[in-house]
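Q: Could you walk me through this structure, starting with how the helices touch and then moving on to the strands?

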Amino acid sequence: MSEVVIPIRPQGRVLIVEDEPRMRDLLVRAIGGWGFTVTSARSGEEALRVAETAGPEIALLDLNLPGADGLETLTRLREKRPHLQAIVLTGFASVEAARTAMHLDVVEFLTKPCHLGELEQALDRAMRRLAPASPAAKDEGGDAVATSHSPVPGAEGMTLHDVERQHILAVLERNAGNRTATAVELGISRRTLYYKLEAYQNEGFKLP
């Protein structure tokens, strides 16, 4: 575990969960240099121990971890810290992982190796979600109760972000652009859906 504290431009507290030492050290230096307080862990089990004392607000997790994987680790972290924001690092796509991550309200999926600019933008989005006026974990209008199990064709070779986007836009189109119906079918809150649709528009995708 390592810690970097930069007091000049204080940001949030970030927990990095990454088993590859060089990648972990790079992330610690970069994120610490942006003014965040950073702690790190090599596995999901270590992350749970570190979180007890570090009190992270944002978790940056690799999906492939020894022992508990990134999504399982996030689920267990959220049991203790429900408002924890999460950014996932991934090198592969899985429809089931995308669905699970949607229900866990992940801020962003980043493909390894990611550009530092993409990472900084994802951290900025996570910080905005943590703003008292609009906590991401607070559901607008209650939790959705239905879950879509529609297959996502052609997922092989796509990043998790691609899989999720394709799935969400397909459900949105099936519901003729109705955001509320889409959120219910996906099993996520309207707030979460709006965050994701805004990101897709910024990427240049047209919405139904």
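A: Contact here means heavy atoms within 4.5 Å, and helices (H or I, at least four residues) and strands (E, at least two) are DSSP runs, numbered from the N terminus. This is a predicted model, in which local features need pLDDT of at least 70 and side-chain atom pairs count only at pLDDT 80 or more, while totals for chains, interfaces and linings use all residues. Residues are numbered from 1 along each chain as its sequence is written, and side-chain values use heavy atoms, with hydrogens and water left out.

Q: Okay, which residues in α7 meet which in α8?
A: From α7, the residues R179, T180, T182, A183 and L186 meet R190, L193, Y194 and L197 of α8. By class, the residues of this contact are five nonpolar, two polar and two charged, where Ala, Val, Leu, Ile, Met, Phe, Trp, Tyr, Cys and Pro count as nonpolar, Asp, Glu, Lys and Arg as charged, and the others, Gly among them, as polar.

Q: And at what angle do α7 and α8 pack?
A: Helix α7 (residues 179-186) and helix α8 (residues 190-202) pack at about 105 degrees, and their axes are 9 Å apart. That makes α7 roughly perpendicular to α8, because angles of 65 to 115 degrees count as roughly perpendicular, under 35 as roughly parallel, over 145 as roughly antiparallel and the rest as oblique. Axes are lines fitted to C-alpha atoms, for helices over the stretch in contact, and angles run from 0 to 180 degrees between N-to-C directions.

Q: Switching to strands, in which sense do β2 and β3 pair?
A: Strand β2 (residues 13-17) pairs with β3 in the parallel sense over five bridges, and two strands pair if DSSP finds at least two bridges between them. The β3 partner of R13 is T37, and that of I16 is S40.

Q: What about β2 and β4, over how many bridges do they pair?
A: β2 and strand β4 (residues 58-62) pair over four bridges, in the parallel sense, with L60 in β4 as the bridge partner of I16.

Q: How much of β2 is buried?
A: Four of the five residues of β2 are buried, that is, under 20% relative accessible area, with exposed meaning over 50% and partly exposed in between (1.4 Å probe, protein chains only). Strand β3 (residues 37-41) is also mostly covered, with four of its five residues buried.

Q: Which residues of α2 are buried, then?
A: In helix α2 (residues 44-54), the buried residues are G44, E46, A47, L48, V50 and A51, and their cover includes β2, β3 and α3 (70-80). Just after α2, G55 takes a positive phi of about 60 degrees.

Q: Is T73 buried or exposed?
A: T73, found in helix α3, is buried, with a relative accessible area of 1%. Leaving aside neighbours within four places in sequence, T73 is in contact with G44, A47, L48, L61, L65 and A68.

Q: Last one, where is A101?
A: A101 is in helix α4 (residues 95-103), and counts as buried at 0% relative accessibility. Apart from neighbours within four places in sequence, A101 is in contact with L71, V106 and F109. A101 and E164 are 63 residues apart in sequence and 8.7 Å apart in space, C-alpha to C-alpha.
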